[in-house]
Amino acid sequence: MKRSGYFLPTLREDPSEAEVISHKLMLRAGMIRRLASGIYSFLPLGLRVLRKVENIVREEMNRSGALEVLLPLVQPAELWQESGRWEAYGKELLRFKDRKDHDFCLGPTHEEVITDLIRREVRSYRDLPLILYQIATKFRDEIRPRFGLMRGREFIMKDAYSFDRDQEGLDRSYRRMYEAYEHIFSRCGLRFKAVMADTGTIGGDESHEFMVLAETGEDVLAVCPHCGYAANLELAEAQTHYEYPEEAEKPLEKKPTPNVKRVEDVAAFFGVPPAKLVKTLIYVVDNTPVAVLIRGDHELNEVKLKKALKAQRIALADAETVQKITCAPVGFAGPIGLKHVKIIADRAVYGLKNFIVGANEPDAHYVNANYPRDFHIEGFYDLRNATKGDLCPRCAKPLDLIRGIEVGHVFKLGTKYSQALGANFLDEKGQEHPIIMGCYGIGVSRTVAAAIEQNHDQDGIIWPLNIAPFHVALLTLNTKDQNLMEVSEKLYQSLEKDHIEVLWDDRDERPGVKFKDADLIGLPYKLVVGKRFLQNGTVELKERRTGETKILKPQEAVSFLKEEIESKKAEGCAR
């Protein structure tokens, strides 16, 4: 492809709207343009990368035995009402009415649609197992779209669904998809990790997220470098046992703390570490207030809280509710004397002695509070976020915390949707059973952005070979020189003939502009035709990632690139 005829509007400065590096670089590199909040157009360069990721996904899904379908974006409300998600999904589900006043939504996911298809077509155990997938547009009306393709409203997703007759079959399908995902992200040239995760609004019994490792990732992962345990922080188990120094219980005292309510301020006021405080958080759990106790240096994990209480909905109580329950403003709640409300606690509170809690009155705290002497707790649970240095729940070695970007998620759904929508099969004896389902998603457009978050430097993108829009940037530094143009044309033809994807910058631009654009776009190799060729008949070949430079004759450069690219492609496809 010749740059002079290619639609590639690059930008010199970071756009003000962009916050994360992938958003900045995709806009600057002319890959995407914003149409509306969280909605982007893909330009030719961006679409080439998207298609390459799609092709890798499609090849590996087909290799796994999954069959491709294409399902409608517009979905009838009746299906979502049958599954119980029409109201439960929330405002992210974009609902609308057609001209006949029928309710529809734009599909954020397709569990209902695929289950409806299967219940109409699958009758017998002979039709199972089955895995269907699609690569299609989804829409989720995010409350705060941000970070470009990382948190958009419209996006490209691969979603697959498995259908089995029993749990053993689901386990096999789940393993096939898990392994296919490992192949997909390896072929994309990404550093990733599969971690245990919460099933969220999709539901089900077990799930894993596939995380591209990047310092800019939104998700925090707890990993054990010793045994391989890995989980998203929302699911990572905090250590189960805490050893506190032996300490005699001291008399309870109420102390005035005027305008001192934040943990850090209270700790400083009394001259103690935050671990000597116990926060009392008031939550509304399925319309019932609950007091949750957690150590001052720890953070409550709402996913764990919801699971511990087997709740449908939880929310931090507003200031009015806190005042009504505790008789004090936010910041002064405590368990002592708290009546008519269930009190639960994180496991780290158990065994702690002589700690500080709110006094349930303005500008006051209790010191030397002790359980069970001073108050009652109905149950202890793992309710906090794991922290660096916590002991691994499997091998008891210290955990590390790293950051990642979710690009894939696999779920064991079980019968959540098949029972709700009546997707059943007949076994060999003619008895009817609900089909056992699994669900497997990959954010295809998100993977493009995640690849950039992981692969860039101060000059621009550094594409992994298999998903790079082109393999080689061919730069002719003086297009007015006939000799340089002739050798560039020959190089261009030779590279194309050898199936090496090349973007030839044949524009009448200064060399500095061409170099900056080449680094910004980030193709794996840069082949420079300039003064060096006029002096001694050689060209410069530079690898974008390593900066390694070779001075070669033109045909040597072509031969080297052919061998190098074929070798790296073979590595990416190796099993």
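Me: Which residue in E29 is the bridge partner of Thr-476?
Reply: The bridge partner of Thr-476 in E29 is Val-529. The model is a predicted one, in which local features need pLDDT of at least 70 and side-chain atom pairs count only at pLDDT 80 or more, while totals for chains, interfaces and linings use all residues. Residues are numbered from 1 along each chain as its sequence is written, and side-chain values use heavy atoms, with hydrogens and water left out.

Me: Which strands pair with E29, and in what sense?
Reply: E27 and E29 run parallel and are joined by five bridges. Strand E30 (residues 539–543) pairs with E29 in the antiparallel sense, over four bridges. Two strands count as paired if DSSP finds at least two bridges between them.

Me: Is E29 enclosed or open, and why?
Reply: Five of the five residues of E29 are buried, so the strand is largely enclosed by the rest of the structure. Buried means under 20% relative accessible area, exposed over 50%, and partly exposed in between (1.4 Å probe, protein chains only).

Me: Which residues lie on each face of it?
Reply: Tyr-525, Leu-527 and Val-529 are on one side of E29, and Lys-526 and Val-528 are on the other. Both faces are covered. In a regular strand the side chains alternate between the two faces of the sheet.

Me: New topic: which residues of helix H13 are buried?
Reply: In helix H13 (residues 511–521) they are Val-513, Lys-514, Asp-517, Ala-518, Asp-519, Leu-520 and Ile-521. The elements that cover them include helix H1 (21–28), helix H2 (44–64) and strand E29 (525–529).

Me: What comes after H13?
Reply: Gly-522 follows H13, and its phi is positive, near 80°.

Me: How do H1 and H11 meet?
Reply: The axes of H1 and helix H11 (residues 444–454) come within 8 Å and cross at roughly 105°. Axes are lines fitted to C-alpha atoms, for helices over the stretch in contact, and angles run from 0 to 180 degrees between N-to-C directions. H1 and H11 are therefore roughly perpendicular to each other; angles of 65 to 115 degrees count as such, under 35 as roughly parallel, over 145 as roughly antiparallel, and the rest as oblique.

Me: Which residues make that contact?
Reply: H1 contributes Ile-21, Ser-22, Leu-25 and Met-26, and H11 contributes Val-448, Ala-449, Ile-452 and Glu-453. Contact means heavy atoms within 4.5 Å.

Me: Which residues touch the most other members of the largest nonpolar core?
Reply: They are Met-31 and Trp-463, in a core of 66 residues. A nonpolar core is a set of buried Ala, Val, Leu, Ile, Met, Phe, Trp, Tyr and Cys residues joined through side-chain atoms within 4.5 Å. Leaving aside neighbours within four places in sequence, the contacts of Met-31 include Met-26, Phe-42, Val-448, Ile-452 and Trp-463. Apart from this core lies another, of 26 residues, among them Trp-80, Val-122, Leu-132 and Phe-163.

Me: Which strands pair with E8?
Reply: Strand E7 (residues 130–139) runs antiparallel to E8, joined by ten bridges, and Leu-132 stands opposite Tyr-161 there. E8 also pairs in the antiparallel sense with strand E24 (residues 436–443), over eight bridges; Ser-162 stands opposite Gly-438 in that pairing. Ten of the eleven residues of E8 (residues 154–164) are buried, so E8 is largely enclosed by the rest of the structure.

Me: And Ser-173: buried or exposed?
Reply: Ser-173 has 2% relative accessibility, so it counts as buried. Ser-173 lies in helix H6 (residues 167–187). Beyond its neighbours within four places in sequence, Ser-173 is in contact with Ile-131, Ser-162, Asp-164 and Tyr-440.

Me: Last one: what share of the whole chain is buried?
Reply: Buried residues make up 53% of the 575 residues in the protein chain. The C-alpha atoms fill a box of roughly 90 × 70 × 50 Å, taken along the principal axes.

Note on methods. Helix = DSSP H or I, 4+ residues; strand = E, 2+ residues; numbered from the N terminus.
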